[in-house]
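Visitor: Could we go through this structure together? I would like to begin with a pocket.

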Amino acid sequence: MIKGIGLLAVIFALSLSATALAAENGAGTVEGQLVNGTANGSSVAAQDVTLKTYRNGNETSSAMAVTDADGRFSFDGLLTEPEYSYQVSLFYQEAQYFGDPGSFLNNENVRSTDITVYDSTNDDSAIVIATAHTIIYTAEDRISVTEYYMFVNDSDRTYIGSQEINDEGTKETLSFSLPAEYTDLQPTLGLMDCCIFDSEEGFIDTMAVIPGMKEISYSYSVETGSGNYALPLKINYPLVNYDLFIQGSAVKVSVDHLTAEEPMPIDGVHYSHFSGENLQADNTLTVRLSGLPQARGKNAVLWVVLSLVILGGSFGIGYSIRRKKVQPVSSEDNIQSVQQGLLLKLAELDDDFESGIIQENAYRLQRDETKNQLLRLI
């Protein structure tokens, strides 16, 4: 009798557990398909796909599925409440790919997220820099430098690197040169701490370069020790459009291979402006500075400068989005105002993310949406 009661208690407890688990499962489904964007590319069958679940921006769980013969996958039993969001990812031929993150909309039980993958290559000949900017903030004993690059992989294959840098098989993909005296390197866009490594000339990135556009930005400081300094800026890839800005009206600047443009007063601060086109890889631009004054920079100046460059027509966006349709607009002045607003919004999002004000998932969603608005407008 006692054994019978114990057995009933176990069955009852198990039934409660099953009910609780069932209550936690939702009616949502995330489904999609892998598509190989490489001409005559490899099969996308039998690929491991991971789904990560986030609640209010914090990861709570992950699940895995395997694609069928056509590259299709599906995840069922997902919660559809608005605080839950989902993102699909996978590794394909040593490169990581992500689906669009998002939540279920009202009365929606199915989300579709197709992912384009590409065959990988060790050849980087299709990688160029469509546009780059260097901004130098000056002071009596140091300069702060911000560099921005828009890389373009103008092929249908993902570049995964050719040279291994450690025993784990990690490969170098992009390299960046820095002056020997640099300090305080701060990645700000397109770089992850896990994937960058020091090199003899500066640092390298190990993230795959997928076909299309890849933005990268970082900053660093250099102690000048006097009112004069020569900053070497090495070009590691073919560069289509380049702009150099130097803060301070009293600073004297000379640089080879660039053309002096009209100075730019930005937010009450004077910036000298130089530009160049079709610069070759492995060249070094030496920026000679003299008369370095006390700096008075501003955090969002970088984005203001970029907006002015866009308005001046030298940003070179068309190189990387030439296949996109330009949207008709009614007022040029309104375009300029909206562009500046979107660029400043990107700067604010970056600041909020770095300060921990916004969670990573929400940050990436908002940043991708804002950037897409800017690209469509341009």
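Visitor: Which strands each supply at least two residues of the lining of the second largest pocket?

Guide: They are strand E2 (48–55), strand E3 (58–66), strand E4 (72–78) and strand E5 (84–92). Strands are DSSP runs (E, at least two residues) numbered from the N terminus. On a 1 Å grid over the protein atoms alone, a pocket is an open set of points where a 1.4 Å probe fits, with protein on both sides within 12 Å along at least five of seven lines; lining residues have an atom within 4 Å of a point.

Visitor: Before we go on, what kind of model is this?

Guide: It is a predicted model, in which local features need pLDDT of at least 70, side-chain atom pairs count only at pLDDT 80 or more, and totals for chains, interfaces and linings use all residues. Residues are numbered from 1 along each chain as its sequence is written, and side-chain values use heavy atoms, without hydrogens and water.

Visitor: Which residues lie nearest the centre of that second largest pocket?

Guide: Asn-25, Thr-53, Ser-61, Gly-77 and Leu-78 do, out of 15 lining residues.

Visitor: Changing topic, how many aromatic pairs are there?

Guide: The structure holds twelve (ring centres of Phe, Tyr or six-membered Trp rings within 6.5 Å; planes under 30 degrees apart are stacked, over 60 edge-to-face, the rest tilted). Tyr-149 and Phe-176 form a tilted pair, because their planes stand at 55°, with centres 5.9 Å apart.

Visitor: Are those two buried or exposed?

Guide: Both Tyr-149 and Phe-176 are buried, that is, under 20% relative accessible area with a 1.4 Å probe, protein chains only.

Visitor: And which pair is stacked?

Guide: Tyr-218 and Tyr-220 form a stacked pair, 6.3 Å centre to centre with 25° between the planes.

Conventions: Buried < 20%, exposed > 50% of the residue type's maximum accessible area, 1.4 Å probe, protein only. Helix = DSSP H or I, 4+ residues; strand = E, 2+ residues; numbered from the N terminus.
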